[in-house]
Amino acid sequence: MSRVISSLQELYLHKLQTLVDTERLIALSLPLMIEAASHADLQRAFHVHLQQTEEQERRLEPLLADLGHEFQAADCPSIRGIIEEGQLLMKRVQDPSVRDAALIASAQAVEHHEIAAYGTARAWALQLGLGEHARVLERTLREEEETDRLLTELAERLVNHDAEQRGTDRQLAREAMVGDRTGTATSGLSTGRAPGIGGDLGAGSTGSVGQHFVDGDHSPTGQPMRDYDGR
Ligand SMILES: [Fe+2]
């Protein structure tokens, strides 16, 4: 049975230990995500974040030592669930471009979990008068926010468009095959632009929805789109 938590300091300690678990699990999952990613920019972003994650885990050790505890993890079921969901999705998505979009969604779910957890830990450290702890946690929090922003930028600038385009290409190929079989290849069905047929299914409709989305102010996760200096 789990130990009873009866003070904010104990709650803070537990949060730090779950963050150790979180960083360790993310460090284990990122190599798989690097392997699964097809876009070079996305692979690079995951690679950079893997190095950051290893450093973020190490940063927690002196905080636990300062509280008189060993560098041990406490189980964090929520991050396990988020990672597991991402891995299940990876297996289901065959197309590399669409898989990149799925990978970013999974990675952003992880980042948002970490942003919430580090934000809470930082606030509790401040409340407990642990200013140096708060500074360390703030540094990691900023890195997680920057990673989330980078992923949003990659999704909106490159990955979502490529993923949507793949679906459009496949739809056009399907329509061309139907046209070849029925002898209507020049009727408009093969181009996906025939009113009432291709107009509903082809590049026109899905492309326009996706483009409006990319041009909007928010990502799929609601993260505002901001300038990015590139990496
Ligand atoms: Fe992290």
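**View 1. Confidence along the predicted chain.** The protein averages a pLDDT (the predictor's confidence in each residue, from 0 to 100) of 81, and 73% of the residues score at least 70. Over residues 184-231 the pLDDT is below 50, although beyond near neighbours in sequence this stretch has 78 contacts in the model; two residues are in contact if their C-beta atoms, placed from the backbone, lie within 7 Å. This is a predicted model, in which local features need pLDDT of at least 70 and side-chain atom pairs count only at pLDDT 80 or more, while totals for chains, interfaces and linings use all residues. Residues are numbered from 1 along each chain as its sequence is written.

**View 2. The helices of the protein.** The protein has seven helices and zero strands, where helices (H or I, at least four residues) and strands (E, at least two) are DSSP runs, numbered from the N terminus.

**View 3. Helix α1 and its kink.** The 29 residues of α1 should span 42 Å at 1.5 Å a residue, and its end C-alpha atoms are 41 Å apart, which agrees; the expected span is 1.5 Å times one less than the number of residues. At Ser 29, shortly before the proline Pro 31, α1 has a kink of about 25°, a bend taken as the angle between axes fitted to the seven residues ending there and the seven starting there.

**View 4. The two sides of helix α3.** Ile 79, Ile 82, Ile 83 and Gly 86 are the buried residues of α3, where buried means that 20 or more other C-beta atoms lie within 10 Å of a residue's own, exposed means 12 or fewer, and partly exposed lies in between. They cover an arc (of the directions from the helix axis to the C-beta atoms) of only 90° around the axis, which puts them on the same side of α3. On the other side of α3, Pro 77, Gly 81, Leu 88, Lys 91 and Arg 92 are exposed, whereas what covers the buried residues includes α1 and α4.
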